[in-house]
Amino acid sequence: ILAFCLAWGLVAAGVARVHAEPAIVVVVRHAEKATAPAGDPPLSAEGEARALALAAALDDLRIDAIVVTPFVRTQRTAAAVAARATRRSKSCCPRS
């Protein structure tokens, strides 16, 4: 499912076009989540800190697209990176 979401998101975001330089694809699992609510928990304090650390670690990369699922924890993880990269995240793979 992750590979499908990543491929779909890159094509939808227009990143699948040919580049003169090699593309770097970074796949990241969401940061640590809180224990509640059970269905769609946000990030814990540790998760928020890890998301900020991830954003700092990716700071030197040119980010063309950020593809995330609609879960709060993935949205919050990506938001830290997006805020630093001044890009908007694109949701993929909506829950049914």
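I started with a charged pair: Arg84 forms a salt bridge with Asp59, and their closest N and O atoms are 3.2 Å apart. For a salt bridge I need a side-chain nitrogen of Lys or Arg within 4 Å of a carboxyl oxygen of Asp or Glu. This pair links distant parts of the chain, with Arg84 in helix H3 and Asp59 in the loop between H2 and strand E1 (66-68), 25 residues apart. Helices (H or I, at least four residues) and strands (E, at least two) are DSSP runs, numbered from the N terminus.

Before going on, I noted that this is a predicted model, where local features need pLDDT of at least 70 and side-chain atom pairs count only at pLDDT 80 or more, while totals for chains, interfaces and linings use all residues. Residues are numbered from 1 along each chain as its sequence is written, and side-chain values use heavy atoms, with hydrogens and water left out.

**Entry: how covered is that pair?**

I looked up accessibility next. Arg84 has a relative accessible area of 45%, so I list Arg84 as partly exposed. Asp59 is partly exposed too, because its relative accessible area is 39%. My cut-offs: buried means under 20% relative accessible area, exposed over 50%, and partly exposed in between (1.4 Å probe, protein chains only).

**Entry: the other bridges**

How many salt bridges does the structure hold? I found four. The general idea is simple: side chains of opposite charge can pair when their charged atoms come close.

The side chains of Glu48 and Arg76 make one of them, at 3.2 Å from N to O. Here too the pair links distant parts of the chain: Glu48 is in helix H2, Arg76 in helix H3, and 28 residues separate them. Glu48 counts as partly exposed because its relative accessibility is 27%. Arg76 is at 37%, so Arg76 also counts as partly exposed.

Arg50 and Glu32 also meet through their side chains in a salt bridge, 2.7 Å from N to O. Arg50 sits in helix H2 and Glu32 in the loop between H1 and H2, so I wrote them down as distant parts of the chain, 18 residues apart. With a relative accessible area of 29%, Glu32 is partly exposed.

**Entry: H2 against H3**

I then checked how these two helices sit. H2 and H3 (residues 72-85) pack at an angle of about 35 degrees, and their axes are 8 Å apart. Axes are lines fitted to C-alpha atoms, for helices over the stretch in contact, and angles run from 0 to 180 degrees between N-to-C directions.

Which residues of H2 meet H3? I listed Glu48, Ala51, Leu52, Leu54, Ala55 and Ala56 on the H2 side, facing Arg76, Thr77, Ala80, Val81 and Arg84 in H3. Contact means heavy atoms within 4.5 Å.

**Entry: the loop between H1 and H2**

Helix H1 covers 2-12 and helix H2 covers 45-57, and Val28 is in the loop between them. Val28 is partly exposed because its relative accessibility is 44%. Val26 is in that loop between H1 and H2 as well, and at 41% relative accessibility Val26 counts as partly exposed.

Leaving out neighbours within four places in sequence, I see Val26 in contact with Leu58 and Leu61. Val26 and Ile66 are 40 residues apart in sequence, yet 9.5 Å apart in space, C-alpha to C-alpha.

Ser44 lies in the loop between H1 and H2. Is Ser44 buried or exposed? I have Ser44 down as buried, because its relative accessibility is 13%. Apart from neighbours within four places in sequence, Ser44 is in contact with Glu32, Lys33 and Ala34.

Pro37 is found in the loop between H1 and H2 too, and the peptide bond from Ala36 to Pro37 is cis, with omega near -5 degrees. Most peptide bonds are trans.

**Entry: the whole chain**

I finished with the overall picture. The protein chain has three helices and two strands, in the pattern α-α-β-α-β along the sequence. Of its 96 residues, 26% are buried. I also looked at contacts between residues at least 6 apart in sequence: 53% of them join residues at least 24 apart.
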